[in-house]
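Reader: Could you walk me through how a few of the labels on this protein were reached? I like to see each value set beside its cut-off.

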Amino acid sequence: MISMEMDNQGTRDRTALTVAAETDLSTRLEFSSQSSRFQSAAILTISNTQILLYLGTGDGTILLLSWNPLNSSPMPSSANANGVGSSNSLNTSDDIVLLGSKNLGPHAIEAICTLQESNKVAALAGSFIFLFDVYLMESVNQLIFTKGASAMAKRMISPNMKISDERVSGFDLAAGLPRKGVSGSELRSGLQRRLSGEPSSWSTGHSFVQKIGVFGRTSKRSLLAPDLAKERMGNAGNKRVRNAQWAVAVGKRLFLCEILSTGTDSKMKEVIRHKQSSMVMNEFGLSGNMKVKELPGIEGVLTMAWLDNSIIVGTVNGYSVISIADGLSTPVFLLPDSSSPPLLKCIPRDAEVLLLVDGVGIVVNGAGQPTAGSLLFKYHPNSVGQSGSYVVVAKHGKLELYHKGTGFRVQSISLATTGHSIIADENGGNFVVVATELKVSCLQQVSIEEQLKELLRKKSYDEAVYLAEECINRGEEEHAKERLAFVHAQAGFLLLFDLQFQKAVDHFLQSEVMQPSEIFPFIMPDPNRWSPLVPRNRYWGLHPPPRPLEEVVENGLSTIQREALLKKAGVATGPFTVGETMLPSSSSRSILLELAIQNIIRYLKASRNKDLAPLMKEGVDTLLMYLYRVLGLTEEMEQLASSENSCVVWGSRI
């Protein structure tokens, strides 16, 4: 009896992200101390050819870089036996261009939030929120009402969120317009009382910050008062233009902020920024106003995420959910006394939020209820990101990807040797940026097709099927069902040549694109009556050309023998695990050949139930009868002959 085992699932390591460009800013700028190292990062996709990177340093400087992903050639990391890749061999890229910088003061930039709807960027530094344009070309506005700010988060809308539910009630007045009849001295004294925590003397029911200018510097533009009740619609059709919304935690208060977007100006500005080379950059106009709603919060917020109509905050004591409707908070998880700092990552496409409890990632919905199994990380990460179905974690220059559905670690990349790592990703995670010390690495998502190919090459068939099925469940791609059938067919052929005949046919039967004629060359050599029916499509070309089953078995056994010899020599073997004394023999050949024929019969019998063309039916029935005869299955031959069939024998029908 043959002794042969195969890893059913195979290795789960694969390339889901690949490093496309890198740069070390220490070669371009003078950094005086360790305080100049990166503390925060954000990414903003302007177009297919321009992605803006915002990096916040420890000395209060915002750096603006531009990256053109179309000019970058993705360079997959080389992987060792453990599937761990390294980007150390990647040269510094000229595709990342430093556009400029702006200093916000002496304090570290703790967080950056891109507000693409209003073409603005918000930054947290020195317990204040600063607002500036996406290209750092205009003056910076300091939001004075945010004194004491400890965290902020942009509102993320899940795909299932109804437009009617997106509106936040309570934005009653434009924050850029002082209340009529309030004097300047009254504004200043009221502001001082408010910032010091004293109650305001006004009792109109509105938050004080809705009555005063929220910008540290006012301008004619900020005093415009649009009709807040007017529903804003886009110019093209009825596509709604969303306003930029984000939340700021200030002591025991929570401010919901919104900038009314008015679209973009038609003006284009050409700016020469880097090495005397001209770059065309969009200068977006902003003529809207800002609104603020105050809610009761939780003191000591260190991290937060705003998903749909819920805000999840994290403190040293644990996580809580705050409703934006009434400000009521509900505890979610309590953290142990010795726990690592809280960390959150919003995953809007799945309407979920990832909560970190030391080295464990807990996935919850907007109500704080767990929705999936926990993710077990090897360490408590510095930062967390998302790329498609993967959760991305980073620490000390090392990047790891975990599949959110299965919890498996699928990739590990070493980007730097040491240092605090910051992850920034766009919504969806097609692009991910990792900043460590002074090094910036830009990564691109590998296409689903390339990931599937890699899984099939590594014989991780179940994982490949799972990945293809996931695309169908999400409904994100038009040809997802066809691709799943493609994967089943390709997996079947690979298993067939690996002598896993039962599993091969199991995959064949699940493939809607698989044609019975693709099996004909394994039974009867070309040319024959049905050769014109055999498609020349070899899928992704991962398996050898079709050949008679006798040759398939012979070559497969030779592979087993070769693997056994390599194992004895101490060389790493392929997917087969064989005993030291296991060598091909005539008995093993006959057993495997009979097993192959039995499973091919199973496939042909199932194919008879399909709606086939006459010539295809003829080939299926005739070759089925032939295989019955090879195995001496007289009863099955009689049953087929007595039933309605399309068998051909010497040009005549049975």
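This is a predicted model: local features need pLDDT of at least 70, side-chain atom pairs count only at pLDDT 80 or more; totals for chains, interfaces and linings use all residues.

Reader: Let's begin with helices α4 and α5. Why is α4 called roughly antiparallel to α5?

Author: The axes of α4 (residues 461-474) and α5 (residues 480-497) cross at roughly 170° and come within 8 Å. Angles over 145 degrees count as roughly antiparallel, so α4 is roughly antiparallel to α5.

Reader: Which residues make that contact?

Author: From α4 there are Y461, A464, V465, A468, E469, C471 and I472. The α5 side brings A480, K481, R483, L484, V487, H488, A491, L494 and L495. By type, the residues of this contact are 12 nonpolar, 1 polar and 3 charged.

Reader: And what makes α5 roughly antiparallel to α6?

Author: The angle again. α5 packs against α6 (residues 501-509) at about 165°, and their axes are 8 Å apart. With the cut-off at over 145 degrees, α5 therefore counts as roughly antiparallel to α6. The crossing of these two helices is left-handed.

Reader: Which residues of α5 and α6 touch there?

Author: On α5, they are H488, A489, A491, G492, F493, L495 and L496, and on α6 they are F501, K503, A504, H507 and F508. This contact divides into 8 nonpolar, 3 polar and 1 charged.

Reader: Now for a single residue. How do you know whether N599 is buried or exposed?

Author: Its relative accessibility is 7%. Buried means under 20%, so N599 counts as buried. N599 lies in helix α9 (residues 586-607). Not counting residues up to four places away in sequence, N599 touches F501, Q502 and V505.

Reader: What about the largest nonpolar core: which residues touch the most other members?

Author: Those are L399, L456 and L604, in a core of 70 residues. Helix α5 gives the most to this core, with 10 residues.

Reader: What is L399 in contact with, leaving aside its neighbours within four places in sequence?

Author: L399 is in contact with L17, V392, V393, A394, Q411, S412, I413, L415, I423, V434 and L443.

Reader: How many residues does the other core have?

Author: That core, which lies apart from the largest one, has 27 residues, among them L343, V363, V364 and V393.

Terms used. Residues are numbered from 1 along each chain as its sequence is written. Side-chain values use heavy atoms; hydrogens and water are left out. Axes are lines fitted to C-alpha atoms, for helices over the stretch in contact, and angles run from 0 to 180 degrees between N-to-C directions. Helices (H or I, at least four residues) and strands (E, at least two) are DSSP runs, numbered from the N terminus. Angles under 35 degrees count as roughly parallel, over 145 as roughly antiparallel, 65 to 115 as roughly perpendicular and the rest as oblique. Contact means heavy atoms within 4.5 Å. Ala, Val, Leu, Ile, Met, Phe, Trp, Tyr, Cys and Pro count as nonpolar, Asp, Glu, Lys and Arg as charged, and the others, Gly among them, as polar. Buried means under 20% relative accessible area, exposed over 50%, partly exposed in between (1.4 Å probe, protein chains only). A crossing is left-handed if the near helix is turned anticlockwise from the far one by less than a right angle, and right-handed if clockwise. A nonpolar core is a set of buried Ala, Val, Leu, Ile, Met, Phe, Trp, Tyr and Cys residues joined through side-chain atoms within 4.5 Å.
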